[in-house]
Amino acid sequence: MRAFFILFFICFLISCKPETKPVVSMQEDVTFLADDALKGRQTGTEGEQLAAEYIAKRFEELGLEPKGDNQSYFQEFTFRPSSNPHEQAEFADSENDSTQTGINVVGYLDHNAASTIVIGAHYDHLGLGGEGSLYREGEAIHNGADDNASGVAVMLDLARRLSENKKNNYLFIGFSGEEMGLLGSSYFVKNSTIDLEQINYMINMDMVGRLNTERTVAVHGVGTSPVFKQTLFASNTFDLNIAEHESGIGPSDHTSFYLADIPVLHFFTGQHSDYHKPGDDADKLNYDGMQIISDYIYGVINELSNQGKLAFRKTKNESEVVPEFKVTLGVVPDYLFTGKGMRIDGVSEDKPAIKAGLKKGDIVVKMGEYDVTDMMSYMKTLSKFEKGEKTIVTVKRGEQPLEVEVEF
């Protein structure tokens with residue numbers, strides 16, 4: 001009889017337990033955002049609006065307060081698309097037939113802490129292609145699973161986990177307009193829904209869905225605060241190979257915050273052959289790798305929570321010291337490579353490199369009489385050649401050195 005009552009009491013407790021929703025996985029988030037139905041989430045389109053509504057719903061489920069305009073999750077901005085491929089879109093003061101509207105999605109975890117950390121990722125992509133696409137065979141849906149549904153999924157995972165970490169307030173932002181020139185993040189910084197003085201630092205995640213077998217993660221903005229390098233090292237309990245980049249300037253949304261004198265860290269797992277092409281689909285992502293990235297960033301945030309207000313430091317703008325050059329080798333550099341030389345991540349059709357027999361994975365160590373030790377020395381060397389000139393390029397293919405003649 002006693003056993004019956006114990007069993008009855010357990011069943012009663014289970015029946016009275018509040019219903020809890022299962023955790024939405026990062027794969028489920030990416031699968032929704034990178035579905036063909038959203039048609040590439042281009043800023044100003046119905047697909048972008050559907051993605052914004054999805055992110056807002058996820059923010060609400062995770063207990064984030066609306067921190068957009070008018071007590072909503074949405075912050076709209078009006079812009080005029082550029083018809084010139086060499087010019088970016090620009091903000092407009094009012095809506096008319098020549099303008100479009102983009103939407104930032106903003107949610108807040110208010111823990112009554114002294115400072116706030118911004119955690120962001122852009123959710124827009126290239127729609128059916130067009131300007132910015134590397135696909136040359138007509139219109140096709142560019143789902144942008146890695147670029148950047150992956151960053152949004154990691155952001156949402158962090159939002160779930162940081163709800164219990166009350167050392168800081170956390171502002172989560174899904175930016176739109178990134179592909180058109182950092183429109184959403186630039187607009188937010190100029191029209192922030194919180195006091196910018198409250199922001200301690202900003203973390204950005206753009207293309208974090210393809211952690212490679214070398215476990216290499218590029219982290220940009222390392223020089224924007226004196227404590228970042230030590231923290232990144234101390235938090236790396238995941239055997240990650242960290243490719244550090246000092247500059248706070250780069251082609252993603254952290255730049256907008258750096259320009260407002262806010263320390264930034266930008267996480268990136270590298271380019272690939274599907275970058276800005278229709279093949280960037282959900283089934284190609286490394287979801288275990290995304291979990292590692294999320295765990296690593298969570299550890300970095302925990303470590304930084306003991307540092308108080310971070311000092312901001314300006315960094316040399318790496319894009320301003322790039323030398324001008326008149327020729328191209330026709331390769332995609334591997335920005336995650338940390339060894340000596342410049343490793344080739346891809347070769348373009350009908351360009352000098354492919355004509356000379358160079359392949360993905362080759363490491364350029366010398367061009368003519370000039371040694372190539374890293375990305376900057378590669379670009380400086382390239383600037384010394386003229387169109388029509390020939391030179392010997394030395395590469396390492398595996399462990400073997402190989403010399404080929406290249407005509408620019």
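Q: Is Ile262 buried or exposed?
A: Buried means under 20% relative accessible area, exposed means over 50%, and partly exposed lies in between (1.4 Å probe, protein chains only). Ile262 has 3% relative accessibility, so it counts as buried. This is a predicted model: local features need pLDDT of at least 70, side-chain atom pairs count only at pLDDT 80 or more, and totals for chains, interfaces and linings use all residues. Residues are numbered from 1 along each chain as its sequence is written, and side-chain values use heavy atoms, with hydrogens and water left out.

Q: Where is the place of Ile262?
A: Helices (H or I, at least four residues) and strands (E, at least two) are DSSP runs, numbered from the N terminus. Ile262 sits in the loop between helix H7 (254-258) and strand S10 (264-268).

Q: Which residues is Ile262 in contact with, leaving aside neighbours within four places in sequence?
A: Contact means heavy atoms within 4.5 Å. With those neighbours left aside, Ile262 touches Leu196, Ile199, Asn200, Tyr201, Met202, Phe257 and Phe312. Take Asn200: it is 62 residues from Ile262 in sequence, yet 7.0 Å away in space, C-alpha to C-alpha.

Q: Is His142 buried or exposed?
A: His142 has a relative accessible area of 0%, so it is buried. Its place is in the loop between strand S5 (116-122) and H4.

Q: Which side chain does a polar contact join to His142?
A: A polar contact is a pair of N or O atoms within 3.5 Å; within protein, one must be able to donate a hydrogen and the other to accept it, and residues adjacent in sequence count only if both atoms are side-chain atoms. Here the side chains of His142 and Ser133 are joined at 2.7 Å.

Q: At what angle do H4 and H8 pack?
A: Axes are lines fitted to C-alpha atoms, for helices over the stretch in contact, and angles run from 0 to 180 degrees between N-to-C directions. Helix H4 (residues 145-162) and helix H8 (residues 287-304) pack at about 50°, with axes 10 Å apart. That makes H4 oblique to H8. Angles under 35 degrees count as roughly parallel, over 145 as roughly antiparallel, 65 to 115 as roughly perpendicular, and the rest as oblique.

Q: What about H2 and H4?
A: Helix H2 (residues 26-33) and H4 pack at about 140°, with axes 9 Å apart. That makes H2 oblique to H4. The contact includes Met26 and Val30 of H2, and Ala149 and Leu156 of H4.
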